[in-house]
Amino acid sequence: MRNRKEGAQRRAFGAPNEKQRQFFEAKSRFVAYGGARGGGKSWAVRKKASLLAVRYPGIRMLLLRRSMPELRENHILPLMTELHGIATYRETDKAFGFANGSRLRFGYCDSERDVLQYQGQEFDVIFMDEATQFSYFQFSTLKACLRGANHFPKRMYLTCNPGGVGHEWVKRLFVRREYLPGENPADYTFIPARVYDNRALLDCDPGYVSMLENLPGDLKRAWLEGDWEIFAGQYFTEFREDVHVAEPFAIPAHWRRYVALDYGLDMLAGYWIALDERGRAWVYREAYESGLIVSQAARKIREMSGGERIDAYLAPPDLWNRRQDTGKSAAELFGEQGVFLQKAENDRVQGWYGLKEWLRPYRGEEGMTARLKIFSGCRNLIRCLPALQHDPHNPNDCAGEPHELTHGPDALRYFAGARPAPAAGPHAKRAELPPALRTEEKMEGEWLTW
Ligand SMILES: Nc1ncnc2c1ncn2[C@@H]1O[C@H](COP(=O)(O)OP(=O)(O)OP(=O)(O)O)[C@@H](O)[C@H]1O
Ligand SMILES: [Mg+2]
């Protein structure tokens with residue numbers, strides 16, 4: 001009986017390649033493994049989790065992928081075979097229970113907020129497979145779950161390929177190794193992997209390697225060579241969470257405030273943006289809601305402005321189209337709710353280029369910074385901006401797909417295209433507005449607010 005069990009365990013663990021061995025032996029708090037496709041990362045994650053479960057009776061572990069189907073295909077189904085006779089899977093708990101009390105739970109974070117379900121929970125070890133598919137917010141939330149009053153190792157194992165919404169934070173921590181106050185460089189280990197490390201795959205599936213070798217330029221450099229300088233397809237390569245995301249503070253009363261919005265029934269995306277005296281923009285509030293009819297959207301924007309003095313509400317020109325049913329335009333309906341819209345420039349490429357200028361990181365007095373900063377509460381903008389891709393037919397433009405990613409960046413583009421003015425000093429009279437923001441027409445019955 002004992003021999004049969006040991007035999008099953010040996011079969012389940014198999015033999016690691018050299019990089020996988022380094023991954024198994026790494027002892028720092030955060031271990032990232034990857035850089036290129038097919039090196040055997042997911043395999044190593046499954047094995048490491050199984051080894052830890054057997055070695056530390058009672059250990060609690062969490063294994064995450066971005067979506068449930070990926071989790072099932074890549075991990076749950078293979079582990080059902082590999083752990084047959086060693087651990088039992090319970091679908092209701094989404095977890096393997098080991099006879100020694102160890103537990104390996106599975107989770108996914110389809111949407112940004114899914115990660116909040118783990119807040120307050122404790123795990124000794126967390127695996128994030130394809131960590132570049134997770135945002136920095138998700139990583140930070142999960143990092144806080146890594147704790148427990150026991151002597152088990154506390155570690156987070158990440159696997160990663162270049163590209164994806166998490167490209168920048170993974171690259172900063174593990175590849176560029178640039179650390180913020182409070183981050184200890186010794187906590188971070190990176191083990192580069194390439195498909196050529198994976199003998200098992202080279203032998204069984206040479207076609208996979210030649211597929212990687214024949215990819216077009218950027219994608220080949222990213223997926224075959226693990227080049228982090230390339231993020232195949234990302235439009236706003238200048239976006240970095242450590243540079244552009246700021247903790248909220250109270251906006252001084254004399255700063256100019258703008259609201260830039262994009263409206264459709266599928267999504268209202270609105271951003272409140274304050275300009276300081278140095279001309280830096282702070283995106284300090286976000287409205288992001290689907291299914292609102294025009295009057296509801298307008299009311300929402302008005303209510304969220306909370307009586308603040310807004311210099312201009314910028315919106316795309318198509319909101320001035322008259323609707324067949326009422327004969328009124330969305331802009332008029334907004335006006336009826338006291339939100340007087342200003343037509344924004346709608347040249348897409350010029351708008352994106354403008355936004356790139358706002359986002360361009362530069363070295364300031366306090367380290368790397370940018371002219372546009374986003375308060376950490378504006379979650380959807382922080383998620384969507386770095387995920388936007390180039391339009392494959394017009395590389396100067398952003399792709400319209402996935403459509404859900406476009407709403408927030410579109411709204412910000414209307415702001416960038418408007419050349420907004422910085423705040424005057426706290427006691428100065430308000431400066432003349434630049435022509436782009438001056439109202440040129442009196443909208444039926446209402447004046448813009450300045
Ligand atoms: N040490 C090993 N022994 C036997 N098979 C292995 C080993 N390492 C990896 N494999 C197999 O090689 C294939 C690719 O491995 P895996 O899926 O882990 O790669 P990956 O780096 O996660 O790939 P991707 O970048 O696409 O996510 C899988 O079929 C896996 O089972
Ligand atoms: Mg994998």
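**Exercise 1. State how many helices and strands the protein has, and describe its overall dimensions and burial.**

Solution. The protein has 15 helices and 19 strands. The model is a predicted one. Along the principal axes, the C-alpha atoms fill a box of roughly 90 × 50 × 45 Å. Of the 450 residues, 44% are buried. Among contacts with a separation of 6 or more, 71% are between residues 24 or more positions apart.

**Exercise 2. Determine how helices α14 and α15 are oriented to each other, and which residues make their contact.**

Solution. Step one is to locate the helices: α14 covers residues 379–387 and α15 covers residues 407–416. Step two is the geometry: the two pack at an angle of about 95°, and their axes are 8 Å apart. Angles of 65 to 115 degrees count as roughly perpendicular. Helices α14 and α15 are therefore roughly perpendicular to each other. Step three is the contact itself: α14 supplies Asn380, Leu381, Cys384 and Leu385, while α15 supplies Gly408, Pro409 and Leu412. By class, the residues of this contact are five nonpolar and two polar, with no charged ones.

**Exercise 3. Describe the shell around ligand 1: its residues, the elements that contribute to it, and its classes.**

Solution. Start with the count: 16 residues surround ligand 1. The closest are Gly40, Lys41, Ser42, Trp43 and Ala200. Next, assign elements: α3 (41–55) and α7 (199–204) are the ones that give two or more residues to the shell. Helix α3 gives the most, with three residues. Last, sort by class: the shell has nine polar, five nonpolar and two charged residues.

Conventions: Residues numbered from 1 in each chain as written. Chains lettered and ligands numbered in written order. Predicted model: local features only at pLDDT ≥ 70, side-chain atom pairs only at ≥ 80, totals over all residues. Axes fitted to C-alpha atoms, helices over the stretch in contact; angles between N-to-C directions. Helix = DSSP H or I, 4+ residues; strand = E, 2+ residues; numbered from the N terminus. Parallel < 35°, antiparallel > 145°, perpendicular 65-115°, else oblique. Contact = placed C-beta atoms within 7 Å. Nonpolar A, V, L, I, M, F, W, Y, C, P; charged D, E, K, R; others polar. Near = placed C-beta within 6 Å. Buried ≥ 20, exposed ≤ 12 C-beta atoms within 10 Å, placed from the backbone.
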